[in-house]
Amino acid sequence: MSPDVRTDLDAIPAYVPGATVPGAVKLASNETTAGPLPSVAAAIAEAAAGANRYPDIIARALVDKLADFLGVQPSNVTAGCGSVALCQQLVQASCAPGDEVIFGWRSFEAYPIVARIAHAVPVQVPNRADGSLDLDAIAEAVTDRTRLIFVCTPNNPTGPAVSRTELTKFLDRVPERVTVALDEAYYEYLRSDDAVDGVAEAMARTNVVSLRTFSKAYGLAGLRVGYLVGPADLVTPVVKMVVPFSVSSLAQAAGIACLEAGDELRSRTDAVVAERTRVREALLASGFEVPESQANFIWLPLEDRATAFNDHCRERLVITRCFAGDGVRVSIGDPAENDRFLSAAQEFVTVM
Ligand SMILES: *Cc1c(COP(=O)(O)O)cnc(C)c1O
């Protein structure tokens with residue numbers, strides 16, 4: 001007889017890691033092509049020499065630096081083992097078994113998983129036809145059991161961002177007892193006129209938090225560090241859910257160095273934004289449908305052709321992320337990588 005384990009975990013899909021194919025261009029996981037900024041790599045190397053010691057359990061130096069950088073108090077900030085860990089801590093901190101967590105769909109793959117792990121019920125609200133979140137429908141889905149709403153903006157994997165005007169209207173509708181988490185993993189790639197600044201929203205309301213990460217624009221996906229900003233009354237219970245020492249000393253040092261790097265980052269994100277426009281326009285010209293993206297990826301809503309397109313790209317050594325029956329997400333890489341992807345995509349049109 002085998003030991004009793006939770007049978008409800010059968011509902012959690014197995015995670016499909018981004019494929020590694022020798023010689024292939026990796027456009028499946030929204031990483032940066034370049035390594036960490038040189039000043040950050042140096043800080044990591046220095047911290048590595050002290051890896052025999054446990055890290056600061058509350059990452060105080062990083063939290064203080066973030067608070068200073070964002071113009072908030074240290075009590076408004078906590079660091080986590082990537083912002084995905086903070087998503088999980090947030091569900092654990094806000095939900096009792098059976099409580100509901102609402103989010104748009106399709107959106108970040110982790111939301112239904114972290115909800116189920118915490119014995120909460122994921123509630124998926126379909127996106128609008130252009131891939132944007134349907135905030136009206138999300139607000140209408142709130143029930144007495146709702147405790148948490150994830151608003152992923154820009155939305156992974158579809159690309160559109162919520163405008164500040166839309167968000168204000170939405171937040172005014174959501175009951176204050178419900179926490180709204182603005183997942184801003186791609187914040188540094190936003191270039192819209194009416195852009196949301198989640199940290200400002202979080203500081204202006206009692207029930208809003210912002211989640212950000214060093215994994216995407218800062219190029220530290222392998223190191224695992226992200227942060228949550230919000231009212232101290234929400235930060236405190238989230239901190240209680242942390243696995244002790246989950247932000248390593250290398251990650252803490254790297255985060256601090258990122259915040260000191262300043263302008264170095266902006267030129268990198270500007271280059272990605274320029275490529276995002278170029279790739280999207282080339283795809284539109286080839287006849288693909290591509291929602292406007294504010295992140296470092298684009299989305300092709302290919303529906304029943306998604307798997308064929310993904311396989312076609314892989315045969316040409318371009319690795320993309322397939323959501324079978326729905327679409328394909330393609331990260332924006334450097335110009336040469338994007339050219340390889342574009343020629344594969346254009347070839348797909350002709351063989352289709
Ligand atoms: C990548 C991503 C994250 C989290 O990344 P971490 O590496 O865990 O910091 C969170 N939300 C969204 C929408 C993402 O795409």
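Arg329 lies over the face of Phe297, 5.9 Å from the ring centre. A charge is taken to sit over a ring if NZ of Lys or CZ of Arg is within 6 Å of the ring centre and within 35 degrees of the ring normal.

The model is predicted: local features need pLDDT of at least 70, side-chain atom pairs count only at pLDDT 80 or more, and totals for chains, interfaces and linings use all residues. Residues are numbered from 1 along each chain as its sequence is written, and side-chain values use heavy atoms, with hydrogens and water left out.

The whole structure contains 12 aromatic pairs. Rings of Phe, Tyr and Trp (its six-membered ring) pair if their centres lie within 6.5 Å; planes under 30 degrees apart count as stacked, over 60 as edge-to-face and the rest as tilted. Tyr54 and Phe245 form a tilted pair, 4.6 Å centre to centre with 35° between the planes. This pair links distant parts of the chain, 191 residues apart: Tyr54 is in the loop between α1 and α2 (60–70), and Phe245 is in the loop between α8 (232–240) and α9 (249–261). Helices (H or I, at least four residues) and strands (E, at least two) are DSSP runs, numbered from the N terminus.

Tyr111 and Phe150 are stacked, because their ring centres are 4.3 Å apart and their planes are at 5°. Tyr111 lies in helix α4 (residues 110–117) and Phe150 in strand β5, so the pair ties together parts 39 residues apart in sequence. Both rings belong to a cluster linked by ring pairs, together with Phe103, Trp105 and Phe108.

The table gives relative accessible areas for the paired residues. Buried means under 20%, exposed over 50%, and partly exposed in between (1.4 Å probe, protein chains only).

| Residue | Relative accessible area | Class |
|---|---|---|
| Tyr54 | 69% | exposed |
| Phe245 | 35% | partly exposed |
| Tyr111 | 0% | buried |
| Phe150 | 1% | buried |

Backbone geometry comes next. Most residues other than glycine have a negative phi, and most peptide bonds are trans. A cis peptide bond joins Thr153 and Pro154, with omega about -10°. The bond from Asn156 to Pro157 is also cis, with omega near 10°. Pro154 lies in the loop between β5 (146–152) and α6 (164–173), and Pro157 is in the loop between β5 and α6. Asn30, not a glycine, has a positive phi of about 60°; Asn30 is buried, with a relative accessible area of 1%.
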